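Here is a short briefing on how charged side chains pair up within and between protein chains. Look at the structure first, then read on.

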Amino acid sequence: MNLTTQSAASQPIKVESVGFGWPLIGCAGRWLPSGASTGFTLKCFRRVPRVKVNVSSTMSGRVLVGVKRVIDYAVKIRVKPDNSGVVTDGVKHSMNPFCEIAVEEAVKLKEKKFIKEVVAVSCGPQQSQETIRTALAMGADRGIHVEVTGKEYENIGPLQISKIMAALAKKEDAQLVILGKQAIDDDCNQTGQMTAALLDWPQGTFASELTLEGDKIKVVREIDGGLETIKINMPAVVTADLRLNTPRYATLPNIMKAKKKKIANMKPADLGVDLTSRRRGRYRGRRSARREEGTVY
Amino acid sequence: MAALIKARKALGLCLRGCRSLSQLAELPETHQMLRQTCRDYADRELIPIAAKLDKEHSYPAQQIQELGAMGVMAMEVPEELGGAGMDYLAYSLAMEEISRGCASTGVVVSVNNSLYIGPILKFGTEEQKKQWITPFTTGEKVGCFALSEPGNGSDAGAASTMAHQEGDEWVLNGTKAWITNSWDASATVVFATTDKKLKHKGISAFLIPMPHPGLSLGKKEDKLGIKASSTANIILEDCRIPLGNMLGPRGAGFKIAMQTLDSGRIGIAAQALGIAQASLDCAADYAQKRTAFGAPISKLQSIQFKLADMAVAIESSRLLTWKAALLRDSKKPFTKEAAMAKLSASEAATMCSHQAIQVLGGMGYVEDMPAERHYRDARITEIYEGTSEIQRLVIASQLLKEYES
């Protein structure tokens, strides 16, 4: 890993862009040995090769927030009898909790006047529009629904979504893309990182604190070793972790206003995105193993 | 012939109401979102603390403020005055979901919305609305409704609280009983007799801030249920208020009270629905987990029949409530439907909570499960804002008017 702790002598090097080493950091999660303290703050600046990034001097003030429609966290998941997947018909769905946190952060930035517009994006079938409406009721300004249905929807994963998000980020001239760190149905924790890589933008993942400073963002990340503070240039991708904020309940007047806000419809083909799945394997669902009573280590 | 036309008119009115309800195969999207938001709020913020609020008799001040921020404390109030500007169908949906979480919080919301803000919104001057409604939309202040007295509850026309004019002030004397929110309220709508000779046409409505010299509160009643909301007497001893504090014209008090209670009934019907639904949820969940005779008890017909009866009672009361709300929203007469909704829903609540305890057996009798709290909370819905007997009188009188030749 390219980690260098700041010492008195060395110069902190500012992160300007992201190379290929980044996605590994998010997925590498090691288990901490029990008793390890996670309370200390690790202030470090990453040493990454500088890559020229085309950043416009006048930021558009637009933030893209990805929201995913997932099975509600409180629902008891049932595996289909043929083990091909989980039962989704008639099951309660809601916005991914980390996406709620992402929307809340974007709306907070708008309220503090750091940014001008919050655009909520969702990829999926017709019902994804409900999720976008919830984001609009929380304070997003408009929505984009990228329609993906049926068999295609069953087969897409973070790679395809990040291609769509990257295309939209370029199309909408977004200065910031905020996503939830992971979705609670697949727990992939890849979309944010892949989106940043496709756009060649810096990324601040597992953000528990986000501050905009001029055309840079200070991100406090929750990592295995504790908290890490990084400063990245905009445009950037940030993924929201649990302690970033507490999402608000939509107020009734906002729910009424959400009805009037626009949701644009488009297909992945309109963005030039190819949705072919790179996955070869078949989903095999299995019930979790029966655990015996006994000592828990 | 005239009778036929009248009957057809009545039927037409009903059908028009029905048609809009049948178009309502699904609630409008905003109402669905509102319902979901309130449900999420109840699940996350109210259900976890409901038992504690009940045990400690503590007023849910923080939750009321949060609900105020969401706009739930003043749902019908137009946005210019600080409210949410929504219709009564939305209000009944919100009430049901909140009461499903905590019935006491539900009654606080209902009294503020229908009984306090309701009459001021309908009968108050612009000045009065700004002074008495706007501060009460955020949840920081709540209001109450003082109609009942120790000497008359159902007999609202015999108000013995007197009000006489002295110079440029009204002076009120008397006692009001069973006032919900009294200990937590910052204002009240009080009904007092201004002209005893005119009997019920001599009652007027007044707005009194709380606390106020001359207005004192009796001791908090120790109730069977809805323990987190305060109920007490309001004692008026030479309580002086400016002339501008009269609500509506002199002598209109009885009419104001009756019309306010008509709307309040829809809110209480929704509260009863929430309690009934919570009981059904509790019973059905338990029935699927509890095993007896080698299988979950939900496989037993006797339990299934109970659950089915509960579901039918709830669903029919819900449709009655929605119909009453829709009629009110379309500014059509809704007195009979509102009374039917309240009667049906409150009896459904007591039946469902009773059966829920039965399904839970021993567990239904202890405080570990919420069934006993629903049983206690449900009982009051058949009594306040018009007892079930009064509802029957109202329904019968409206019904017979339709058959008059």
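A salt bridge is a side-chain nitrogen of Lys or Arg within 4 Å of a carboxyl oxygen of Asp or Glu. By that rule, B:Arg35, B:Arg39, B:Asp43, B:Glu97, B:Arg100 and B:Asp281 are linked in a network. This is a predicted model: local features need pLDDT of at least 70, side-chain atom pairs count only at pLDDT 80 or more, and totals for chains, interfaces and linings use all residues. Residues are numbered from 1 along each chain as its sequence is written, chains are lettered from A in the order in which they are written, and side-chain values use heavy atoms, leaving out hydrogens and water.

**Salt bridges within chain B**

- The whole structure holds 40 salt bridges over all chains.
- B:Glu97 pairs with B:Arg100, with the closest N and O atoms 3.3 Å apart.
- These two residues sit three apart in helix 4 (residues 88-101) of chain B, so about one helical turn separates them.
- Helices here are DSSP runs (H or I, at least four residues), numbered from the N terminus.
- Both B:Glu97 and B:Arg100 are buried (buried means under 20% relative accessible area, exposed over 50%, partly exposed in between, with a 1.4 Å probe and protein chains only).
- B:Asp54 and B:Arg376 also meet in a salt bridge, at 2.8 Å from N to O.
- B:Asp54 is in helix 2 and B:Arg376 in helix 11 (residues 371-379) of chain B, so the pair ties together parts 322 residues apart in sequence.
- B:Asp54 is buried at 9% relative accessibility, and B:Arg376 is buried at 13%.

**Where chain B meets chain A**

- The contact (heavy atoms within 4.5 Å) takes 19 residues from chain B and 15 residues from chain A.
- The rule finds two salt bridges across this interface.
- One of them joins B:Glu29 to A:Arg133, with the closest N and O atoms 3.3 Å apart.
- That pair runs from helix 2 of chain B to helix 3 (residues 128-138) of chain A.
- B:Glu29 is partly exposed, at 38% relative accessible area, whereas A:Arg133 is buried, at 13%.

**Which helix of chain B gives the most to the side that touches chain A?**

- Helix 2 of chain B does, with 10 residues.
- Helix 2 (29-56) and helix 3 (61-70) of chain B each supply at least two residues to that side.
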